[in-house]
Amino acid sequence: MSCSEWEHDIASERESAELQDHMRVCANCRQFDRELRANVAAMRSVAIDERAFDMVRRRVLAEIQAGNRRATWRMWPVAAAASIAFLCGAVLWPRFQNPAPPALVAFSKAPTKIEWSAKPVRPVPVSLAARREPLVVKMLTNDPNVIIIWLVDQKGD
Amino acid sequence: MADFRLTAEDAGQSAGLIARAQAGDLAAFEEIMRLHERQVLSTALRMLANLQDAQDAAQETFLRLYKSLSKISDAQEIRPWLYRVTVNICNDEHRARRRRQTGPLSGPEPVSPALDPEATWHESERSRLVEMALKTLPQKERAAVVLRDVQGLSTREVARILGTAEVTVRSQISVARGKLKKFTDRYLRKHL
């Protein structure tokens, strides 16, 4: 195996007796291993100021509290609607449970009295002239040229 | 190697905090954030290489955690869940950056515990180089190498978080480490 193949094994953390044997005799691969470890150590040496953590915590808590406040404000219309619905229900429910009896209809006016006159009405006499004239009844038909004329004499013929 | 499973004591403490946070206790949620903020922010910082963007990603991760608290029943789930969400948010940010076509952004200066000035300079230089090299990696390789090498998770845990096979993760890490080394070698040969 060449050193580049061993280096691949070192980077992949493949631990084997053969690799250990090679590392003991190969200065290049030992150097490669040392440098990889130095890189790992360098990556881990990240130093973060404590204020950075404080800032994250403060921002997260502020955001949560603001979210809670927004949620509370969003609940107000719902709470108001629920209260109104409850009040309406409280007022209307007893009426549905015990409906009021129908209102009495009172007559403010007594029914009109029909009075019978004591004296019978006498028939009005018809004049003789009117009696002699025949009664003419004109009957119109659908055809404007045809008119039915009906003469009624005194006897009613 | 770090294990993302919590100890029994930590799990018990976390379970209590999760239950309190689920009931609306913000102090309990703040405590959960304190327990996991280093994990979330350092992952985001290595993924995005910019502190401000990393803070935004961490904020979004914790807000998603708050909204998803009811779905987390086991305290052991919380760490892998946070890693998964952090990586996803960072990937989204990468895609957004590509759309915006912005140039590389500067990250924080790494701090070295070494006292020898020359060693300090070398380590600090290597940190800067590695940070630059990380930016050149494809997202999947970067996520794998950050979770494996920065967070110290096992290959199996990384595979579980990224939703891929262990063999894929092993290959991504190997390729990424090779690229990082080539990048640093090239730079060091040229400038030192």
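In this predicted model, chain B and chain A bury about 3400 Å² between them, buried area being the accessible area (1.4 Å probe) that two parts lose on being put together, summed over both. Of this area, 62% lies on carbon and sulfur atoms. Three residues, B:Gln55, B:Arg177 and B:Lys181, supply 16% of the area that chain B buries against chain A, more than any other three residues. In terms of contact (heavy atoms within 4.5 Å), 40 residues of chain B meet 31 residues of chain A.

Residues are numbered from 1 along each chain as its sequence is written, while chains are lettered from A and ligands numbered from 1 in the order in which they are written. Local features need pLDDT of at least 70, side-chain atom pairs count only at pLDDT 80 or more, and totals for chains, interfaces and linings use all residues; side-chain values use heavy atoms, with hydrogens and water left out.

Side chains of opposite charge can pair when their charged atoms come close. A salt bridge is counted here when a side-chain nitrogen of Lys or Arg is within 4 Å of a carboxyl oxygen of Asp or Glu. By this rule there are 20 salt bridges over all chains, and the count between chain B and chain A is four. One joins B:Lys181 to A:Glu35, with the closest N and O atoms 3.0 Å apart. This pair crosses from helix α8 of chain B to helix α3 of chain A, helices being DSSP runs (H or I, at least four residues) numbered from the N terminus. Another salt bridge links B:Arg38 with A:Glu50, where the closest N and O atoms are 2.6 Å apart.

Several helices of chain B each supply at least two residues of its side that touches chain A, namely α2 (26-48), α3 (51-68), α5 (117-136), α6 (139-150) and α8 (166-191). The largest share, 11 residues, comes from α2(B). By class, this side of chain B has 19 nonpolar, eight polar and 13 charged residues; Ala, Val, Leu, Ile, Met, Phe, Trp, Tyr, Cys and Pro count as nonpolar, Asp, Glu, Lys and Arg as charged, and the others, Gly among them, as polar.

The lining divides into five nonpolar, one polar and 10 charged residues, and α3(A) gives the most, with five residues.
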